Amino acid sequence: MPSGYRKASVTGLLLLASVAGGNAHELRVCSDPNNLPFSNSRLEGYENKIVDVIAREMQANVQYTWWPQRRGFVRNTLKAGLCDLIPGTVSGLGAVRTTVPYYRSTYVFITRPEAHEIRSLDDPSLRKLRIGVHLIGDDGFNVPPAHALARRGIIDNVQGFSLYGDYRQDNPPARLIEAVTAGKIDVAIAWGPLAGYFGGRQDPPLRVTPVHPIRDERFPMTFPIAMAVLPGNEWLKHEVEDAITKRRPEIDAILSAYDVPRVDAFSRLARPQ
Amino acid sequence: MSITRLIVALVCSVLAGTVSGEPSLPRVAQAAAPADDWQWSMPAKNFASSRYSSLDEVNVGNVKDLRVAFTFSTGVNKGQEAAPLVVGNTMYIVSPYPNILYALDLTQPGAPMKWKYEPKPEPASQGVACCDVVNRGAVYSNGRVYFNTLDGNAIAVDVSTGKEVWRTKLGDINRGETITMAPLVVKDKVLVGNSGGEYGVRGWLVALDAGTGKQVWKAYSTGPDRDVLIGSEFKPYYDSDKGKDLGVTTWPPNAWEQGGGTVWGWISYDPDSNLIYYGTANPGPWNHEQRPGDNKWTAGIFARDAHTGQARWFYQLTPHDVHDWDGINEIILLDMEWKGQQRKVLVRPERNGYLYILDRATGEVLSAEPFAYTNSTHGVDLKTGRLQINPDKQPKLNQTVRDICPTAPGAKDWNPSAYSERTGLLYIPHNNLCMDVQTMDANYIAGTPYVGANVKMKAGPGGNRGEFSAWDIQNARKRWSIKENFPVWSGAVATAGNVVFYGTMEGWFKAVNAETGDVLWQFKTASGIIGQPITYKGPDGHQYVAVLSGVGGWSGAIVSGDLDPRDGTAALGFVNAMRDLKDATTKGGALYAFRLP
């Protein structure tokens with residue numbers, strides 16, 4: 001087959017696909033309408049801002065489908081054909097195709113600034129302090145720090161905060177961070193972006209310290225974050241990856257503005273302490 | 001022809017002889033199963049939950065001639081788990097979310113719709129309760145139909161008008177609390193329990209005033225005795241259930257507040273003692289290392305005074321459950337001879353794979369025999385009542401554990417069995433599944449990454465994933481069983497015609513000989529069957545058999561939820577065992593009613 005003919009037919013297919021999609025420059029995104037700092041329906045989350053950057057690079061308009069990011073999220077959104085892209089998911093998530101990661105964050109300790117700083121899961125004071133963690137309860141699995149604490153026999157002084165909370169309230173997972181300020185708990189252990197954003201906006205701002213060790217038996221405390229497309233949607237995956245690469249400085253600036261603790265090449269936290 | 005008739009006649013006379021000659025066959029608790037009115041007004045047919053009808057027009061000899069009398073589409077292509085109700089000349093059907101209640105006029109050809117009632121559950125909450133949109137049916141009492149909606153409302157509807165009489169909001173879907181169970185009406189009270197243990201919901205059962213919908217009592221499954229309605233009447237049989245506030249002390253501090261033990265299954269009632277019996281679901285949502293202790297009062301059976309809600313006894317089927325074995329299955333009330341003594345018992349085919357017989361006055365375990373293959377436990381110690389755990393088959397976080405049997409849905413899930421006192425057999429629809437469990441690399445929810453469980457379910461020994469077994473209650477052994485390719489996720493109904501009905505996930509609706517298990521007739525419905533068959537006498541004086549067809553639920557989510565067969569860990573690992581269901585059936589939602597020509 002002459003190469004010119006092949007090129008023509010590929011272009012034809014793309015045109016057809018565009019026509020079928022209704023709008024040639026539409027980036028269909030599924031996101032949680034109520035979960036800052038990640039996203040909300042007022043487009044105030046950093047994933048919203050990063051999607052804007054990606055879309056600008058792709059010269060596409062963003063169209064959102066809002067869905068709470070709970071069990072069944074991928075099935076009910078991406079897999080149900082409601083959208084083509086999920087910004088902000090863990091790299092290597094099963095059942096989807098993930099792009100190159102655009103940042104890596106870590107679980108962190110959140111303490112009041114005047115209190116003793118916890119740096120390690122092996123800090124003896126963790127046996128006495130009131131500790132809060134998010135409860136997931138996915139068939140008996142929970143956040144890695146919860147498993148790490150249980151393995152150390154730290155159980156009775158650990159309090160579970162529903163990750164889902166009451167969905168009528170704003171950003172339900174933030175209750176865990178607010179509990180530190182309110183003095184309901186002495187230390188929270190939470191996923192970095194959530195802690196960095198809400199911790200930094202408490203009065204006074206809370207102290208955020210990465211959890212060590214960074215891997216506790218089978219449980220990693222750091223995770224690379226990527227975007228997800230449907231398996232087989234290599235075209236969009238590459239477009240998004242190109243945009244992530246080209247717009248790296250803008251993405252880094254957004255993550256910085258939201259106080260996302262990072263443990264990667266851009267890290268403010270990975271420096272030797 | 002004449003030989004067949006002769007055999008039928010012989011079988012019938014032998015059976016009749018069995019019944020009259022040997023009164024030792026366990027009998028259904030009489031007060032809980034009064035004379036048959038040939039209707040189907042409550043989920044389990046009667047308070048004893050026998051799911052047995054004395055109708056015998058359809059029998060072993062003629063069932064082969066059964067044919068479709070009418071059909072009706074529920075308009076919702078999700079898992080249809082409800083039992084239709086028939087009262088007088090009307091049939092009532094509840095659909096999965098959005099939980100539409102239909103009334104069909106059985107006096108007219110084709111059973112046209114009389115009215116429908118749409119409760120309009122909160123659509124904004126879609127996705128908050130993501131996983132389970134099934135509904136297990138309604139109950140009729142005194143001119144009203146009572147049922148629950150996924151978003152946590154109990155509703156009474158006047159059957160003459162199809163209009164709502166009252167609606168009581170019980171659960172909060174914004175906190176992950178849903179209701180999927182079928183309520184039961186006992187005297188002037190409607191009993192309703194919640195779902196959503198995986199979201200950290202605390203389980204409860206409430207009694208509502210049937211007239212007004214106002215709460216009369218509420219019994220939590222965890223927490224201090226006053227919340228659990230444990231008082232001076234509480235006399236559990238085993239020492240492990242005795243003590244103050246065990247619903248608090250068998251947990252780490254405050255873990256009971258989110259401890260699960262929801263009440264999404266079946267309730268039975270004995271009018272003689274005025275006690276209700278029901279089960280509580282598994283503990284949660286902590287990883288089990290983070291909730292050491294027995295985690296009372298989860299995964300067990302409560303006996304309570306129906307009037308006050310006060311607990312009489314409790315028996316924990318699976319203390320400190322680590323397998324997701326909800327203790328919510330059906331409870332059949334029987335009176336039987338046990339070691340020379342007449343005992344009032346309850347029978348429970350349990351998720352953990354044992355068929356329990358308990359003294360229903362005291363909660364003593366008389367026997368617990370495996371009705372399905374199990375290797376994760378070694379039976380029940382009858383002295384202490386305690387399940388004996390096999391540590392080699394407990395899920396572990398740091399290694400892959402292979403061939404754990406049974407799996408999270410258990411040897412048998414919610415779908416109810418039926419008991420015939422003509423045969424003394426309990427007809428149990430169940431699973432034959434094992435699983436491998438390993439730690440998963442990455443999962444992500446609500447913006448938070450974590451490590452999850454990678455569960456892969458697969459067929460158990462023999463290669464069949466389901467089974468329909470006839471269990472001889474008196475002799476505690478399996479009489480016969482039918483192997484099914486897929487898990488049997490439908491209910492069962494037994495009849496005086498010595499025919500037992502159940503459905504398969506491929507969509508076959510089957511009639512089998514109650515004595516032998518021979519398949520006498522089968523009909524392929526449009527979609528897989530996970531509903532509960534019923535039988536009734538129609539306005540024309542003839543016996544009908546009805547069932548909802550429409551695959552879904554946990555086992556059928558691969559079809560109703562469009563799950564990816566390549567993702568074996570979807571639906572908590574169930575998809576791995578159900579990859580080929582998509583080739584065997586498609587979505588649906590329709591009632592089928594059958595009768596003889």
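**Entry 1: a helix in chain A.** I began where helix H8 of chain A stops: just after H8(A), A:Asp259 takes a positive phi of about 55°. A reminder to myself before I read too much into anything here: this is a predicted model.

Next I went back into the helix itself, which covers residues 248-257 of chain A. Which residues of H8(A) are buried? I noted A:Ile251, A:Ile254 and A:Leu255. Seen down the axis of H8(A), the buried residues fall within an arc of 95°, so they line one face of the helix.

**Entry 2: the domains of chain A.** The contact takes 10 residues from domain 1 of chain A and 10 residues from domain 2 of chain A. On the domain 1 side, strand S2 (34-35) and strand S14 (222-229) of chain A each supply at least two residues. I sorted that side of domain 1 by residue type and got seven nonpolar, two polar and one charged.

**Entry 3: chain B against chain A.** How many residues of chain B are in contact with chain A? I have 49 residues of chain B against 53 residues of chain A. The elements that give two or more residues to the chain B side are strand S30 (443-445) and strand S31 (448-450) of chain B. By type, the chain B side divides into 23 nonpolar, 18 polar and eight charged.

**Entry 4: a strand in chain B.** I then moved to strand S9 (residues 144-148) of chain B. Is S9(B) enclosed or open? Five of its five residues are buried, so S9(B) is largely enclosed by the rest of the structure. B:Arg144, B:Tyr146 and B:Asn148 point one way from the strand, while B:Val145 and B:Phe147 point the other way.

I followed the pairing on each side. Strand S8 (residues 139-141) of chain B pairs with S9(B) in the antiparallel sense over three bridges, and B:Ser141 stands opposite B:Arg144 there. S8(B) and S9(B) make a hairpin with two residues between them, and B:Asn142 in the turn has a positive phi of about 50°.

Strand S10 (residues 153-158) of chain B also pairs with S9(B) in the antiparallel sense, over five bridges. B:Phe147 has B:Ile155 as its bridge partner in S10(B), and B:Arg144 stands opposite B:Asp158. This hairpin has four residues between the strands, with B:Gly152 in the turn at a positive phi of about 95°.

Zooming out, I get an open sheet of four strands in the order S8-S9-S10-S11 (chain B), with antiparallel pairing. S8 and strand S11 (163-169) of chain B are the edge strands, each pairing on one side only. Neighbouring strands of this sheet are turned by 20° against each other on average, direction ignored.

**Entry 5: another sheet in chain B.** Here five strands form an open sheet in the order S2-S35-S36-S37-S38 (chain B), and the pairing is mixed. The edges are strand S2 (52-53) and strand S38 (519-524) of chain B. S2(B) pairs with strand S35 (residues 492-495) of chain B in the parallel sense over two bridges, and B:Tyr52 stands opposite B:Ala494 in S35(B).

**Entry 6: two loop residues in chain B.** I checked B:Gly541, in the loop between strand S39 (534-537) and strand S40 (543-549) of chain B. B:Gly541 is exposed because it has 8 other C-beta atoms within 10 Å, and the cut-off for exposed is 12 or fewer. B:Gly541 and B:Glu57 are 484 residues apart in sequence but 9.9 Å apart in space, C-alpha to C-alpha.

My last stop was B:Glu257, in the loop between helix H3 (246-249) and strand S16 (267-270) of chain B. With 15 other C-beta atoms within 10 Å, B:Glu257 is partly exposed. B:Glu257 and B:Asn59 are 198 residues apart in sequence and 52 Å apart in space, C-alpha to C-alpha.

Notes: Residues numbered from 1 in each chain as written. Chains lettered and ligands numbered in written order. Predicted model: local features only at pLDDT ≥ 70, side-chain atom pairs only at ≥ 80, totals over all residues. Buried ≥ 20, exposed ≤ 12 C-beta atoms within 10 Å, placed from the backbone. Contact = placed C-beta atoms within 7 Å. Nonpolar A, V, L, I, M, F, W, Y, C, P; charged D, E, K, R; others polar. Pairing = 2+ DSSP bridges. Axes fitted to C-alpha atoms, helices over the stretch in contact; angles between N-to-C directions. Arc of directions from axis to C-beta.
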